[in-house]
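Q: Let's walk through this one together. Could you show me how to read its features, a general idea and then the case at hand?

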Amino acid sequence: ASDTTAYGHQGGNVNGERSAEHQPVTIRDARESDLQAITDIYNQAVVAGGSTADLVPRTLEQRRQWVDSHQPRDRYPVVVLEDASGRVVAFGSLSKFHPREAYDGVVELSYYVDERARHRGYGTAVVAWLLDAARTRGYRIATALIFASNAGSIALMNHFGFERYGFLPRACFDGTRYLDMSYWWLPLDND
């Protein structure tokens, strides 16, 4: 069964402001044909810095391996968001929080938005979809790891009611500076 879901894009962003765009978007399972878009969007984040600990752009094959690592896929989906024109402008995933079985009720979410499509509510739509998917799959807790300087993602976590539970100073060195890492959690009320 596919996780294809159409969301009516409301044109809002995390700060409640309205954008000029009020068009429907589609969030669906990632397919082989989406790998180039996933790779391109992810590599924008690698090059820009501040939202991934990877320092070198990833190859298509490396991104394929990342997608394929989300097994079983019905528990750990990788999805893409298509804008009204059908272009993939964001992707997200639910991943294992930890390999030990006692952590199976905890899931980590991640998402990336094409730099040309930011501030249109796409990140909000992907995170909302991922949280709904986590609840539907029976997870108890959603987590996210975010660089402490990533104000946009921190605002998004606050928007959804996440709480910061940890802070690791100087966690990553990007070649020129140290970056602090913040750890976020949200109870999913599945107990």
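A: Start with pairing: two strands pair if DSSP finds at least two bridges between them. Strands here are DSSP runs of E of at least two residues, helices are runs of H or I of at least four residues, and both are numbered from the N terminus. Strand β4 (residues 88-96) and β5 pair in the antiparallel sense over seven bridges. Before we go on, the ground rules: this is a predicted model, where local features need pLDDT of at least 70 and side-chain atom pairs count only at pLDDT 80 or more, while totals for chains, interfaces and linings use all residues. Residues are numbered from 1 along each chain as its sequence is written, and side-chain values use heavy atoms, with hydrogens and water left out.

Q: Which residue in β5 is the bridge partner of Leu94?
A: That's Leu109. Ser95 also has a bridge partner in β5, namely Glu108.

Q: How many residues of β5 are buried?
A: The cut-offs go by relative accessible area: buried is under 20%, exposed is over 50%, and partly exposed lies in between (1.4 Å probe, protein chains only). Strand β5 (residues 106-113) has seven of its eight residues buried. For β4, the count is eight of nine. Over the chain, buried residues make up 45% of the 191 residues.

Q: Is Arg164 buried, exposed or partly exposed, and what does Arg164 touch?
A: Arg164, found in strand β7 (residues 163-173), is partly exposed because its relative accessible area is 48%. For touching, contact means heavy atoms within 4.5 Å. Leaving out residues up to four places away in sequence, Arg164 touches Ser182, Tyr183 and Trp184. Arg164 and Thr143 are 21 residues apart in sequence, and their C-alpha atoms are 9.5 Å apart.

Q: What describes two packed helices?
A: The angle between their axes and the distance between the axes. Axes are lines fitted to C-alpha atoms, for helices over the stretch in contact, and angles run from 0 to 180 degrees between N-to-C directions. The axes of α3 and helix α4 (residues 151-159) come within 11 Å and cross at roughly 45°. Gly123, Thr124 and Val127 of α3 make the contact with Leu156, Met157 and His159 of α4.
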